[in-house]
Amino acid sequence: MTLTVREAAWDRIAELAGRPGAGAIRALFDADPQRFDSFHRQAVGILLDFSKTSVDAAALQGLLDLAQACGVLPRRDAMAAGEEINTTEKRAVLHMALRAPRGAGYRARLPSGETEDASASVDETLAAMKRFTRAIHRGEIRGATGETFTDVINIGIGGSDLGPYMIGRALWNARSPMRPLYLANADAHNWEAIRPRLNPHRTLVLIASKTFTTAETMANARIVRGWLEQNLGEVGARRHLVALSTNQEATAAFGVAPDRVFGFHDWVGGRFSLWSAIGLSIALSCGWTAFSQLLAGARAMDEHFLTAPPEQNLPLLLALLTIWHVNGLGLRSQAILPYDHRLSRFPAHLQQLEMESLGKSVTLDGEPVGRETGPVIFGEPGTNAQHSFMQLLHQGTTPVPADFVLVANPDHPFAENHRLLLSNGLAQAEALLRGRTPAEVEAEMAAAGTGAEEIGRLLPHRLFPGDRPSTTLLLDKLDPHSLGALVALYEHKVFCLGALWDIDAFDQWGVELGKKLATSILPELAPEASPGRHDPSTAGLIARIRELQAAAEE
């Protein structure tokens, strides 16, 4: 589509969002009591209800027209075909190949113009992961002292931690074959908190770093390797090490046997990589069957995304709602509220998935975007969130769109607790919509026997504006298949937003500068080191840190 067509579609969104009362939601329900029927969709076991947003029929059509004008679906097809849609790094984007059926035929186009068989590589890696996982579970592979492995610790950071940690926490239960632990933070207090829970004789250690040079990951890996060597000796420690990496020279130098190295490709971005060898901790802790079902659920969402018409396409609709809120109504943050404790790390995973992907300010052509891009993502599981930041969502000065994730059927026998949980999630979304009017506050307080003067004094504080947007995603149950579909839904939402904003959602150059500066500062923190050239604030802080550390050693 031409720039003129795209800009005309964007102008139409601005026009629709500029209508009087464009942000009102209650009025839409007053006009159409059956609004839920028209503004919810269902696919792959997930019901998406967006009736509690201010999107009406005209706005929805305008948003769908925008998607067409921005060429979202042709760009989707280019991604599936293995084209280099990550243009700044000249890479294909093929995380869908990781969960495709065996021999699916995905191919990645290389900078040379040739293509590689992505599906064959995936098949080979999955087969190796399956053999290793089952050998561990059957006791065919044991630790240095002949004991079976009962714990697996994944050492990684970013995409090598957040996705696997989120999935492992969601799916692990007392019946699972191994206990998963995750070590990401370079702060060694993280390791000190984990270490007492581990038996070195029974602990398998996964080191997850594509290059095997990630500073935080390798610092932690050296600490854990030292712990193993203290207890098992240098040779024995090596029998407990596994690498998830493409740098076999570095993994060998670290002491990892070649048959314990599981690789992946540069057409898999870190935040999209939990389906690859990076997900080995999931397979080990939850079982290969669960991991296979996780892949199947994601694949089912892939098929929906690739084939469903725009007006029924869940990832596209979820992305268009973000466009309406961010670019239409100027709402620049997004709350993620999973009402299931197993999804406690889901908001953290989405923070990286969305903010690292969409925190861009230039188009694919290197020009300023000219409009807001990625919103700030934050969240916490319900009902915890109700007792922390939900106050701001209800009565703050700026509305914050919220995604509620509800699970109809729990995996425990405490039905009353689950009804309480669901009632709170539904009530929060309804309260954001309805608010509380002066007449309602007055009637409630009068019924409680409050005097007129006191009612007048407290009335402004007890009003809720309402008309606060939310969407609800309802799952039948949380199992590996449904979780795979849910995560893939948000992955494809991110893709759609990248196409709509004309940005590269698959690079992350903003991460690099801090890494380089940290490399230069690190030696300056050593005793007797010479200070480098920094801004006065950084230089002053480095000097003060060294003073405090020197004083502590006296």
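**The loop between α18 (452–458) and β13 (470–477), with Asp 467.** In this predicted model, local features need pLDDT of at least 70 and side-chain atom pairs count only at pLDDT 80 or more, whereas totals for chains, interfaces and linings use all residues. Residues are numbered from 1 along each chain as its sequence is written, and side-chain values use heavy atoms, with hydrogens and water left out. Helices (H or I, at least four residues) and strands (E, at least two) are DSSP runs numbered from the N terminus. Asp 467 is not a glycine, yet its phi is positive, at about 55°. Its relative accessibility of 19% places Asp 467 among the buried residues (buried, under 20% relative accessible area; exposed, over 50%; partly exposed, in between; 1.4 Å probe, protein chains only).

**Lys 90 in the loop between α5 and β3.** Lys 90 is a residue other than glycine with a positive phi, near 55°. Most residues other than glycine have a negative phi, and most peptide bonds are trans. With a relative accessible area of 54%, Lys 90 is exposed.

**The cis peptide bond from Gly 382 to Thr 383.** Omega of this bond is near 10°. Thr 383 belongs to the loop that lies between β11 (376–379) and α15 (390–395).

Ile 85 counts as buried because its relative accessibility is 4%. When neighbours within four places in sequence are set aside, its contacts (heavy atoms within 4.5 Å) are Arg 75, Ala 78, Met 79, Arg 91, Val 93, Phe 495, Asp 504 and Phe 506. Glu 216 stands 131 residues from Ile 85 along the chain, and 29 Å separate the C-alpha atoms of the two.

**Helix α7 (residues 162–171) and its packing partners.** Helix α7 is mostly covered, eight of its ten residues being buried. These are Leu 162, Gly 163, Pro 164, Met 166, Ile 167, Gly 168, Ala 170 and Leu 171.

**The largest nonpolar core.** A nonpolar core is a set of buried Ala, Val, Leu, Ile, Met, Phe, Trp, Tyr and Cys residues joined through side-chain atoms within 4.5 Å. The largest has 113 residues, and Phe 346, Leu 483, Leu 486 and Leu 500 have the most contacts inside it. Helix α19 supplies the largest share of this core, 14 residues. Leu 500 touches Trp 10, Leu 66, Ala 67, Cys 70, Val 72, Ala 319, Leu 320 and Ile 323, if residues up to four places away in sequence are not counted. Another core, of 22 residues, lies apart from the largest one and includes Ile 194, Val 205, Leu 241 and Val 256.

**Salt bridges of Lys 52 with Asp 49 and of Asp 77 with Arg 76.** A salt bridge is a side-chain nitrogen of Lys or Arg within 4 Å of a carboxyl oxygen of Asp or Glu; the whole structure contains 30. Between Lys 52 and Asp 49 the N to O distance is 3.9 Å, and both residues are buried. In the bridge of Asp 77 with Arg 76, the closest N and O atoms are 3.0 Å apart. Asp 77 is partly exposed, at 38% relative accessibility, whereas Arg 76 is buried, at 7%.

**Glu 430 and Arg 434, a salt bridge within helix α16 (residues 415–434).** The closest N and O atoms of this pair are 3.7 Å apart. Because the two residues are four places apart in α16, about one helical turn separates Glu 430 from Arg 434. Both are partly exposed, Glu 430 at 38% relative accessibility and Arg 434 with a relative accessible area of 45%. Elsewhere, salt bridges that share partners join Glu 89, Arg 91 and Asp 266 into one network.

**Overall setting of the close-up views.** The protein has 21 helices and 13 strands. Its C-alpha atoms fill a box of roughly 75 × 60 × 60 Å along the principal axes. Of its 554 residues, 48% count as buried. Among contacts with a separation of 6 or more, 73% are between residues 24 or more positions apart.
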